[in-house]
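Me: I would like to go through this structure slowly and ask, for each term, how one knows that it applies. Could we begin once the structure is in view?

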Amino acid sequence: MPTINDWMQHRPWLDLDSPDIRGYVDALSERQGFDLAAVLQRWHDEGVVVFEGVVDKGLIDALLNDIDYLRRHHRDFDLLVELLAVQGDIKSLSLEDLDSPGLKFNGLHTISQAAARLSLTREVVVFLTHVFQGPPCALQTLTFHRGSQQPIHVDYPYVRRQEPLTHLAASWVALEDIHPDAGPLGYYPGSHRTQVSGFFDWGGGSIVLEPDSVHAPLAFSEYLQARMQAAGIAPKVFCPRKGDVLVWHGNLSHEGMAIADPRRTRQSYVTHYTSLDAYPRVRMKPGAPATGVIHSAHGGHVMEYAWHHDLAQLPSGAALAGR
Ligand SMILES: O=C(O)CCC(=O)C(=O)O
């Protein structure tokens, strides 16, 4: 059962009070192609960084083509989905379900090579390598067609199989220009600091949601809302252009804003990452990451899940083969 102590003892270096960011960057022999010191400082202060226009638009179009294909042939693929917080198989969805706000595809990277590659955009992988002090690995991915309208939350009580728990971050890639009325992502800068967030006790001192937790996610949202109000932090609304990516800390409060115009889509692709050291061993195929990977780039990995074999692949698999 992870406790406050576990979190505090395993904080990554940038979560300590006064990390020597300038000294760290000056000691590096390689240049990163972006202002690393500035983004590390922003991560320390705000728990969020944005890289504008860095994501390969050809890959985004390949993913959109995969999604379109999947929506037209959804009974031919194995994919977990989540609709109104209930998990199920994509095969069981009706056409109406497929258009529903809040529908998430879980683990699209397992059947879409374009998705797997989008999890490993260079700037994101390089940045997270410095955050974790080791290779970042995709733990899971979520793909949204419309706004999620998800209440305020932080990820680590739900994404909790990595060891240590603190090795957690996420990226949010805009697959189209995001309109303010489409239910954009909202986030609370600086809320990742434990002085702001505190620790929610799910029961018996556990800081994560367990099958026998005495509290429900709604109580957690109410707790975080009260903490944000007490700290005077209002949400920032992220309305990016196609190809922008936002990276957030595993303890950053965020939410899906209300959808003002239900006709609008809000196509986005989220990856949750941990470090290679913290990646749950039971999920890895023997020999991973030397083998058993879907894609590796810039030192990061998207691994196959141990229980998956020969899943039918979306069109980008053939289109990107050998590239
Ligand atoms: O994109 C959204 O609306 C919310 C995404 C999110 O909360 C998550 O992936 O943890």
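**Around the ligand, and along a helix**

Reply: In this predicted model, the ligand is surrounded by L142, F144, G147, S148, Q150, D155, A170, L185, H254, G256, S268 and V270. The elements that contribute two or more residues to this shell are strand 5 (136-144), strand 10 (254-256) and strand 11 (268-275).

Me: What makes up the shell around the ligand, by class of residue?

Reply: The shell has five nonpolar, six polar and one charged residues, where Gly is counted among the polar ones.

Me: How do you know that the span of helix 4 agrees with its number of residues?

Reply: The expected span is 1.5 Å times one less than the number of residues, so the 16 residues of helix 4 (residues 57-72) should span 22 Å, and the end C-alpha atoms are 23 Å apart, which agrees.

Me: Which residues of helix 4 are called buried, and why are they said to line one face?

Reply: A residue is buried if 20 or more other C-beta atoms lie within 10 Å of its own, and in helix 4 the buried residues are L59, I60, A62, L63, D66, I67 and L70. Seen down the helix axis, these buried residues fall within an arc of 160 degrees, and therefore they line one face of helix 4. On the other side of the helix, K57, G58, D68 and R72 are exposed.

Me: What covers the buried residues of helix 4?

Reply: The cover includes helix 6 (113-118), strand 5, strand 11 and helix 10 (316-320). L63, for its part, touches residues including A114, L118, Y269 and S316.

Note on methods: Residues are numbered from 1 along each chain as its sequence is written. This is a predicted model: local features need pLDDT of at least 70, side-chain atom pairs count only at pLDDT 80 or more; totals for chains, interfaces and linings use all residues. A residue is near a molecule or strand if its C-beta atom, placed from the backbone, lies within 6 Å of it. Helices (H or I, at least four residues) and strands (E, at least two) are DSSP runs, numbered from the N terminus. A residue is buried if 20 or more other C-beta atoms lie within 10 Å of its own, exposed if 12 or fewer, and partly exposed in between; C-beta atoms are placed from the backbone. The arc is that of the directions from the helix axis to the C-beta atoms. Two residues are in contact if their C-beta atoms, placed from the backbone, lie within 7 Å. Lists of a residue's contacts leave out its neighbours within four places in sequence.
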